[in-house]
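Good morning, colleagues. I would ask you to look at the model on the screen while I speak.

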Amino acid sequence: MASKIRVIHCLNQFFGGLGGEEKGGLAPEWFAGARGPGSLVQQIAADIAVVGTIVVGDNYMAEHPDDGAREIVALIEAQIAGDPDLRPDLVMAGPAFAAGRYGMSCGAICQAVQEQLGIPTVTAMHPDNPALELYRKSLTAVRAGADVMGMRDAVDAMVRVGIKLVAGEAIVSSEDGTIPRGIRRNYFAEETGARRAIEMLLRKLDDEDIGTEYAMPVFSRVAPAAPVADIAKATLALVTSGGIVPRGNPDRIESANASKYGEYSLEGLDRLSAESHQSVHGGYDTTYANEDPNRVLPLDVLRDLEREGGIGRLSETYYATVGNATSVKRAESYGREIAAKLINVGVQAVILTST
Amino acid sequence: MTLTLHRHSVQTVALGGTAGIVGGILTVNADTLRSYLQSRDDRLTAIRISLALPGEATRIVCVKDVVAPRAKKSGKESGTGTLSVLDNVAVVTCGPIVGFQEGIIDMSGPGADYTPFSRLPLVVLDIDVGDAVSPHEHEAAVRSAGLDAAEFIARGCIDTKPDVIETVAWEPLHGGPDLPRIAYVYMVLSQGLLHDNYVFGRNAKEGLPILVDPRAAFDNAIVSGNCVSACDKNTTYHHQNNPVIAELLRGHGSRWDFAGVVISNAATRLADKQRAAEAAVELVANMKADGALVSKEGFGNPDTDLMMLLRGLEQAGIRASAITDEFAGIEGDSQSLADATPEADAIISVGNANERIQLPAMTTVFGPLPDVTRLAGGYPHSLREDGTMEVELQAIMGSTNQLGFSRLSCREV
């Protein structure tokens, strides 16, 4: 018994054998040993012991997924406290097939168990299960059929993937039959990139399945804002991805893949200078930007325009980050935050300088 | 036209008195080499010459370039004549940071798996220049020193009998067996301001795209002078050992007809990008190629050059595949490229350069270790007091090489 993989299995009221729709509101309940699909798990894998089963109603979880997941984590902790032999190596949930509420329940449970207990989890669902929209990135979910007809295959796959998880092995969607998580991970291929590229080209020329290693992303497009009605009255702000920061880089913004943006005052400054500012960007030759930082953050000409009445006024705060090897995801979040802050202080237009 | 390689297989390298190669042992006389380099360039104020051998607990930082020692024995034109080649060894230049985008080579430990240079005995030149030397002059001085050193070391072995004499044959088939005709579009970065490369001695900003004999690459036709991120700058060594050309030559005449190489560039201005892509596509179309393979250098801005080339090739009826790395974020959950086109449906990924790696402390370090915190791929907190480091793969030399030199790849999990 000691050498077996210990599993706690989470099921809904139906597969847990407690009833149908009318029992959907059931709070989490602990049962010793395997129930329903859990028996199949043990049948398939002699080296797995389902030490306990938690059954929870679909509606209970759908109505308060976070609280429900917390209760289940607490329930597992309580069982372990009572009997250390119940500490699971793996938590399984489902299969949920295409059932939306059950899928959400499995997703919430798996995420909470992984994050709060650090125990690996595996579930199974149909690729169209709506729970994937919410939990895709954190879930190891094997592909399952739409309904209970796919039970045997789904449990089979859960067992296989679960054993790999317990062994600490990497799971790869294309090889393990899991639902892709939208996460890119490096690995060493058998052949060099050059060889793979030639073989891929030959496949393409032969009209065979190309098997691209990176499917083109879909870019989000932003509709431009309406033109500024009267620039001579507008408040302008400066924002740059060219890495112009006060000398000394007080926020320690990284030279590549910046993890933050800075927010700096321009008050009392008529222009930037080599003594006051510098570029910390790692993607371009900063010699000329450091010589005269106005070349990237054009404070000098904007002050001129302010004096001449060409613009209403310049916002006294500028924002800067480094747009070098910075992931699109991060850049989008900085853009959203900075835009909200600018709107808050009544800015109508922005000069965004990139490098 | 033929290119004959006189290949010397280097088993190990030693620093010592009499320079040359005897029984696979390459001896480098550090004093002679240093004097030679300094006699050619008075900007070089100090050159510390050391060896870094595979498996040693050695870290080389702020690596600028890696160069394979080769010297011309006969013939003038690049890609013809006789070239004396030292295999399994390289010259590495390092020293205080010039741009941000120099890199790390670890000779052992987890970082060593990601750089091809950990598998070679390396002659390391840790170079200082005078205080008055500008960054651009600094780059030029160190670049020339690396090339000169590699040539000097190879020339010292030129009269020794080579282990292997190899003739590199290539003649496009122009008919004959029914094989797919494949061209190679070889994109080199040409953005200026420390993002330069040199093709036949000329800055890649000008005079490209051109059609070249594939063998020219082996004969130092392309020299790296750029400070692009360490992971995907093509070092001079990568050019000298271009794996796409080597592979295409290997299968030429049996599996495909290698039609030739178009060297194209990657400029900063949109109009220049469009012009270069159109001209490159036209050169490939003139070869009557069925397919073309495109390799890349750098990331972000050059993603656009790559997409333009792929779109143009496909629209001209030429099927295309391409090699690129990814910047998918530390967690790997961001989109990976700065540009995209539906025609780019045959992509080889050589890895996510944002992925982080923990590097152990090393007993020997060449170059200024604290500068790693300023490298692209390093962080202000990268270097810990005990000498351990956390960096992105971006900071490791050649980790995501887009000529397809290595085996690293990336996939969705």
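This is a predicted model: local features need pLDDT of at least 70, side-chain atom pairs count only at pLDDT 80 or more; totals for chains, interfaces and linings use all residues.

Residues are numbered from 1 along each chain as its sequence is written, and chains are lettered from A and ligands numbered from 1 in the order in which they are written.

Let us begin with the sheet. Chain A holds an open sheet of six strands in the order 2-3-1-4-5-6, with mixed pairing. Helices (H or I, at least four residues) and strands (E, at least two) are DSSP runs, numbered from the N terminus, and two strands pair if DSSP finds at least two bridges between them. Strand 2 (29-32) and strand 6 (141-143) of chain A each have a single partner strand, so one side of each is left without a neighbour in the sheet. Within the sheet, strand 4 (residues 90-97) and strand 5 (residues 121-125) of chain A run parallel and are joined by four bridges. Here A:Ala93 stands opposite A:Thr123 of strand 5.

Helix 6 (residues 151-166) of chain A packs on this sheet, and its direction makes about 155° with that of strand 4 of chain A. Such angles run from 0 to 180 degrees between N-to-C directions, with axes fitted to C-alpha atoms, for helices over the stretch in contact.

We turn to chain B. The axes of helix 1 (residues 30-40) and helix 2 (residues 135-155) of chain B come within 10 Å and cross at roughly 135°. Among the residues making this contact are B:Leu33 and B:Tyr36 of helix 1 and B:Ala149 and B:Phe152 of helix 2 of chain B; contact requires C-beta atoms, placed from the backbone, within 7 Å.

Finally, how many residues of chain A are in contact with chain B? The contact involves 51 residues of chain A and 65 residues of chain B. Helix 8 (193-205) of chain A is one of the elements that supply at least two residues to this side of chain A, and helix 8 of chain A gives the most, with 11 residues. Pairing also crosses between the chains: five bridges join strand 7 of chain A to strand 25 (residues 408-412) of chain B, and these strands run antiparallel. There, A:Phe188 stands opposite B:Leu408 of strand 25 of chain B.

Methods:
Two residues are in contact if their C-beta atoms, placed from the backbone, lie within 7 Å.
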